[in-house]
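Take a look at the model below.

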Amino acid sequence: MNRRQFFKLCASSTATSAISALGLLPGKAFAAVREFKLLRAKETRNNCCYCSVGCGLLMYSHGSNGKNAEKSIFHIEGDADHPVNRGSLCPKGAGLVDYVNSPNRNHFPEVREPGTNEWKRISWNEAFGRIARLMKDDRDANFIEKNSDGTTVNRWLSTGMMTSSAQPNEGAYITHKFARSLGLVAIDTIARN
Amino acid sequence: MSTQDIILSSGTSRLSPAAQVRKKLSKVAKLFDATKCNGCKACQVSCSEWNDLRAPIGEFTGSYQNPADLSSECWTLMKFNEVTDEKDKLLRWQFTHTACMHCDDPACLTACSTKDAIVQHANGIVDFDSDKCIGCGYCVTACPFDVPKLDSVDQKAYKCTMCSDRLQVGQEPSCVKSCTTGALKFGTREDMLFIADMRIKQLHEKGFAKAGLYNPKGVGGTGMMMILHDIDDPQSYGLPADPKTSLSIKLWQDVVKPLGAAGIIATVAVACLHRITVGRNIVEEDEPAAFDHSHPSKSDKE
């Protein structure tokens, strides 16, 4: 090939590619749809615990239950089979995955003692012991067995209980039984906090 | 999804259609009923959750609307349009579920010069392919609804995909699934039009005489239709009254570019024809030399 032929070849190939670049020779257009991200994810049913409505959830996690795979939740959406929400969720529920994976979650019990502004880390045993001790002391001091008419009332008015809002009937029954057997009158759910 | 699921593709001329559809998919649509929406933002949150978008926390702009506008990290936004009621002069919110309208005749796709960066699927969804996007921003300026946004990191355009990844496996878009009031519905366009028709009749009976369906014809109808309280005043919802592809874009893409291509082809064709019929212009060697080639090179064979 001599110099002139080389130039001719260059010119003709430039012209050809210029024509094809004008869209006259369309290639295959592949629809680049994002991969469906839940394929083979583990699906777990649960209830949203952030209000008393108790919407059904589908929680999707990585990890096939294999011994060596750590499960971690990466997507949560409404459970369409749940009679309460039939798949829908409020913004609080729709953003649940960020609650689950929040760096601000409580990982251990902490106590802020009266008169201080510092949170102190304690063990679960200490926490349960402390709660039981304080409840017992308060109940012993303020329990009302009979009212002014002499009727047995068994009231404990100085303490209230905040319970879970998303429980099945059985859980609600047990919670109620526990609280009422102590004489608690003020019972509410975390839905109202 | 296969090639044949694409019915329109950017950067190609009408003379050479992008692909042919053999699978006759029915067109789908999202129906937003502004008269049912209570502005809870579940659609906005579930969009960000499903599409793994976490926009940086913005600043308070004096409205419940947050963030202030769509961005490459926020594909669905509840707009809290504040309107004063004519009768009682009280403040009223008009919520708009703001996301891509998935126009039948998309201005972004027409404006885009990059081949296949914007495609329309056979089900009517207008989708961006960020692998092919060159970040020119033509779609951003072309869109009459101001939907596509350039990302500040990779400089590519992003917008709502109508969860095309969910649609391909037979699920509804994430926003529609989460909607608690039933203000968002999803189905074929035919079904959505039917439902909208029934709902508008119901609204008329209830005294909303101006209620109507926002499905602008200027863009060939949209894949997201809206039932508004007052169809005569879409601007109060932050929607354009008569959206369409601008004339300059149409002229450029449909007239100037094909003409330019035709011009180049014609030039090449004429050149070839001239070469075949007339041949090369041979300069006679025996003409009187204007310049004395005293030492002609041996390698120059001509």
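Two strands pair if DSSP finds at least two bridges between them. Strands themselves (E, at least two residues) and helices (H or I, at least four) are DSSP runs, numbered from the N terminus. The model is predicted: local features need pLDDT of at least 70, side-chain atom pairs count only at pLDDT 80 or more, and totals for chains, interfaces and linings use all residues. Residues are numbered from 1 along each chain as its sequence is written, while chains are lettered from A and ligands numbered from 1 in the order in which they are written.

Start with chain B. It holds seven helices and 11 strands. Of its 302 residues, 40% are buried. A residue is buried if 20 or more other C-beta atoms lie within 10 Å of its own, exposed if 12 or fewer, and partly exposed in between, with C-beta atoms placed from the backbone. Two residues are in contact if those C-beta atoms lie within 7 Å. Among contacts in chain B between residues at least 6 apart in sequence, 61% join residues at least 24 apart.

Now go to strand 2 of chain B, residues 28–33. Six of its six residues are buried, so the strand is largely enclosed by the rest of the structure. In a regular strand the side chains alternate between the two faces of the sheet. Here both faces are covered. B:Val28, B:Lys30 and B:Phe32 are buried on one side, and B:Ala29, B:Leu31 and B:Asp33 on the other.

Which strands pair with strand 2 of chain B? Strand 9 (residues 184–188) of chain B pairs with it in the antiparallel sense, over five bridges. In this pairing B:Phe32 stands opposite B:Leu184. Strand 11 (residues 224–228) of chain B runs parallel to strand 2, joined by four bridges. There B:Lys30 faces B:Met224 as its opposite residue.

Another sheet of chain B is open and has three strands, in the order 1-5-6, with antiparallel pairing. Strand 1 (6–9) and strand 6 (126–128) stand at the edges, each with a single partner strand, so one side of each is left without a neighbour in the sheet. The twist averages 30 degrees from one strand to the next; axes are lines fitted to C-alpha atoms, for helices over the stretch in contact, and angles run from 0 to 180 degrees between N-to-C directions. Strand 5 (residues 118–121) and strand 6 of chain B share three bridges. Across them, B:Ile118 stands opposite B:Phe128.

A nonpolar core is a set of buried Ala, Val, Leu, Ile, Met, Phe, Trp, Tyr and Cys residues joined through C-beta atoms within 7 Å. The largest one has 73 residues. Those with the most contacts inside it are B:Ala42, B:Cys108, B:Cys112, B:Ile118, B:Cys139 and B:Met225. Setting aside residues up to four places away in sequence, B:Cys139 touches B:Cys108, B:Ala111, B:Cys112, B:Ile118, B:Pro148 and B:Ala157.

Next, B:Ser48, in helix 1 (residues 42–50) of chain B. Is B:Ser48 buried or exposed? B:Ser48 is buried, because 20 other C-beta atoms lie within 10 Å. Beyond its neighbours within four places in sequence, B:Ser48 is in contact with B:Leu53, B:Arg54 and B:Cys74.

Chain A is divided into domain 1 (42–100) and domain 2 (110–192), with bounds from an automatic or database domain assignment. Their C-alpha centres lie 30 Å apart. Six residues of domain 1 are in contact with five residues of domain 2.
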